[in-house]
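Dear colleague,

Please find the structure below, handed over for your files.

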Amino acid sequence: MTDDVNNDQSSDNKEQIKNERHKKKSQKQKEKVDAGIAKATEERGIVIVITGNGKGKSTSGFGTVARAVGHGYKAAVVQFIKGQWDCGERNLLQQNGVPFAVMGTGFTWETQDRAADMAAAEEVWAEAKKFLADPQYHVVLLDELTYMLGYDYLNSEEVLDAIRNRPAEQSVVVTGRGAIKPLRDLADTISEIKDEKHAYRAGIKARKGVDW
Ligand code: ATP
Ligand code: MG
C-alpha cells in the first residue's frame, strides 16, 4: 500500500469517528430538549423583559410584534420615549393595523422638565392600560418602559399590577435599560443584552433602516 492510500484511509476513519461522535451528541441533546418540551405544559401569555446596555432591545420587541401579526394575531405598541421621531417599525406595523400609542410631548433625553415629563408619561400610560385590559391583543410591546419606572415617572405598583392582571392569553414585552427588581420578579423571561461593541463608539453614525 502506498502512503497516499494509507493517509486516505486514516482520514476516512477520522471522519467516521467524528460523525459517530456527532450523532451520539445530537441524540443526547435531542433527549434533553424533548424532556424539556414535555415538561412545559402550561399555556398562558408571558412577560418578557429585554434589558441591558447592548443594542437590540427594541428591535427584539418589534420582532415579537411582527411575529404575532404574521400569525394573524392583534398586537399593540406603546412607545414611552419620543426619541427618534422617525421609526421604521412604526411605518410598517401601522400599515398592518397595529395601533401605536406614542409619548407625544415632553420626555426625550434632552428635557429637564420633570413635571412635563411625568404628565406626558401619564398620558401615554392611560393608552397602555387600555391595551393591557383588552383580550383581543395577543402581544403588547411597552417600549422603553423601564425608564418610566426607574425615574418614578409612573407609579410602579400601578404599572406592575396592570401587567400582572392582564388577560391570561396576552403576552407583554418590556424593553429598556436598567429594569427594576419588581419588574424582574414579575417577568417570565428576562434577557440582559450585553454591550460588547457598538459601531457608535467607533465613530459610525446611527443609520436609518438599521438603528431606527
Ligand atoms: P435598537 O432599537 O437598535 O434595538 P435598543 O433598543 O437596544 O436598540 P436603546 O437604548 O433604546 O437601544 O437605544 C436606541 C438607539 O441607540 C438605537 O439607535 C441604537 O442603535 C442605539 N444604541 C443602542 N445601544 C447602544 C450602545 N451601547 N451605544 C450606543 N448606541 C446604542
Ligand atoms: Mg430601545
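Strands E2 and E4 run parallel and are joined by six bridges; two strands pair if DSSP finds at least two bridges between them. Within this pairing, Ala-75 stands opposite Val-139 in E4. Please note that this is a predicted model, in which local features need pLDDT of at least 70, side-chain atom pairs count only at pLDDT 80 or more, and totals for chains, interfaces and linings use all residues. Residues are numbered from 1 along each chain as its sequence is written, chains are lettered from A and ligands numbered from 1 in the order in which they are written, and side-chain values use heavy atoms, with hydrogens and water left out.

E2 (74-79) also runs parallel to E3, to which three bridges join it. In that pairing, Gln-79 has Val-102 in E3 as its bridge partner. Five of the six residues of E2 are buried, so this strand is largely enclosed by the rest of the structure; buried means under 20% relative accessible area, exposed over 50%, and partly exposed in between (1.4 Å probe, protein chains only).

E4 pairs with E5 in the parallel sense over four bridges, and Leu-142 stands opposite Val-174 in E5. Strand E1 (residues 47-51) pairs with E5 as well, again in the parallel sense and over four bridges, with Val-172 in E5 as the bridge partner of Val-47. Five of the five residues of E5 are buried. Ser-171, Val-173 and Thr-175 lie on one side of E5, Val-172 and Val-174 on the other, and both faces are covered. In a regular strand the side chains alternate between the two faces of the sheet.

**Overall architecture**

The protein has seven helices and six strands. Helices (H or I, at least four residues) and strands (E, at least two) are DSSP runs, numbered from the N terminus. Their order from the N terminus is α-β-α-β-α-β-α-β-α-α-β-α-β. Of the 212 residues, 33% count as buried. The radius of gyration, taken over C-alpha atoms, is 23 Å, whereas a compact globule of 212 residues would have one near 17 Å (the globule rule is 2.2 Å times the number of residues to the power 0.38). The C-alpha atoms fill a box of roughly 85 × 45 × 35 Å along the principal axes.

**Helix H4 and Trp-125**

Helix H4 (residues 114-132) has 19 residues and spans 26 Å from its first C-alpha to its last, close to the 27 Å expected at 1.5 Å a residue (the expected span is 1.5 Å times one less than the number of residues). Its buried residues, among them Asp-117, Val-124 and Phe-131, pack against E2, E3, E4, H5, H6 and E5. Trp-125 belongs to this helix and is buried, with a relative accessible area of 1%. Leaving aside residues up to four places away in sequence, Trp-125 touches Phe-80, Leu-132, Leu-154, Glu-158, Val-159 and Ala-162, where contact means heavy atoms within 4.5 Å.

**The magnesium ion**

Which protein donors does the magnesium ion (ligand 2) have? They are Ser-58 (OG) and Glu-144 (OE), lying 2.1 Å from the ion. Ser-58 lies in helix H2 (residues 57-70) and Glu-144 in the loop between E4 and H5, so the pair ties together parts that are 86 residues apart in sequence. Both Ser-58 and Glu-144 are buried. Donors are N, O and S atoms within 2.8 Å of the metal (3.2 Å for Na, K and Ca); water is not among the atoms, so sites may look incomplete.

With kind regards
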